[in-house]
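Subject: The structure we talked about

Hi,

Here is the structure I promised to pass on, with my notes below it. Please have a look at it first, and then read on.

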Amino acid sequence: MTITDPFTTPGRHRPTPSPAAVALAIQCRKAKTLADTAPTRFRRMPVPAATSAAGGETQFVVRPTCLADWARWTQALGIHDARRMTNTGTSTVCRFELDGVRGRLIGVGVPALLAAAYGPKGTPRV
């Protein structure tokens, strides 16, 4: 039994993709390329990142052992605005853009490192 493409029969036409679908496919391809090249691009970082791409966005997951490691990652990815960082309780999530691709840096254990260095959230700073 052979399965034929219904659009190859006479009188049937394959619909052209919408411009939005083409733009999303291009963005997804860029995100996948960034995720694939990240291990070699950031090989000098103290903590390796687990990278993935989905929906036109690249995700970096790191597990820093100290705040200096976390600072190196944020600096390498061009994250300078602390207002774009969100603490989820066990990790810190940062949004950024690198090479025209939206990205997300997830630092697992960063809130615990900050609490160890500066005390619990809400305590007065001296």
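A word on terms before the pocket: a pocket here is an open set of grid points with protein on both sides within 12 Å along at least five of seven lines, and its lining residues have an atom within 4 Å of a point. Please also keep in mind that this is a predicted model.

With that in hand, the largest pocket has a volume of about 210 Å³. Its lining is made up of 10 residues, and those nearest the centre are Asn87, Pro111, Leu114, Ala115 and Lys121. By class, five lining residues are nonpolar, three are polar and two are charged. The element that gives the most to this lining is helix α3 (residues 110-118), with four residues.

So let me turn to α3 itself. Val110, Pro111 and Leu113 are its buried residues. Looking down the helix axis, these residues fall within an arc of 160 degrees, so they line one face of α3. They are covered by elements that include α2, β3, β4 and β5. On the face turned away from this buried side, α3 carries the exposed residues Ala112 and Ala116. Just after the helix, glycine 119 has a positive phi of about 90 degrees.

Leucine 114, one of the residues nearest the pocket centre, also lies in α3. Cysteine 66 is 48 residues from leucine 114 in sequence, yet their C-alpha atoms are 9.1 Å apart in space.

Helix α2 (residues 67-76) has a buried side too, made of Asp69, Trp70, Trp73 and Thr74. Seen down the axis of α2, these four fall within an arc of 135 degrees, so they line one face of the helix. What do the buried residues of α2 pack against? Their partners are β2 (57-62), β3 (85-87), β4 (91-98), β5 (101-108) and α3. Just after α2 comes glycine 78, with a positive phi of about 75 degrees.

Now for the strands. β2 is mostly covered, with five of its six residues buried. It pairs with β1 (residues 50-54) in the antiparallel sense over five bridges, and with β5 in the parallel sense through six bridges. Glutamine 59 of β2 gives you a handle on both pairings: it stands opposite serine 52 and also opposite arginine 104 in β5. The hairpin of β1 and β2 has two residues between the strands, and there glycine 55 takes a positive phi near 65 degrees.

With a relative accessibility of 54%, aspartate 99 counts as exposed.

Happy browsing, and do write back with any questions.

Best wishes

Technical notes
Residues numbered from 1 in each chain as written. Predicted model: local features only at pLDDT ≥ 70, side-chain atom pairs only at ≥ 80, totals over all residues. Heavy atoms only, no water. 1 Å grid on protein atoms, 1.4 Å probe; cavity = no way out; pocket = protein on both sides within 12 Å on 5 of 7 lines; lining within 4 Å. Points joined across faces, edges and corners; volume = space filled by probe spheres on them. Nonpolar A, V, L, I, M, F, W, Y, C, P; charged D, E, K, R; others polar. Buried < 20%, exposed > 50% of the residue type's maximum accessible area, 1.4 Å probe, protein only. Arc of directions from axis to C-beta. Contact = heavy atoms within 4.5 Å. Pairing = 2+ DSSP bridges.
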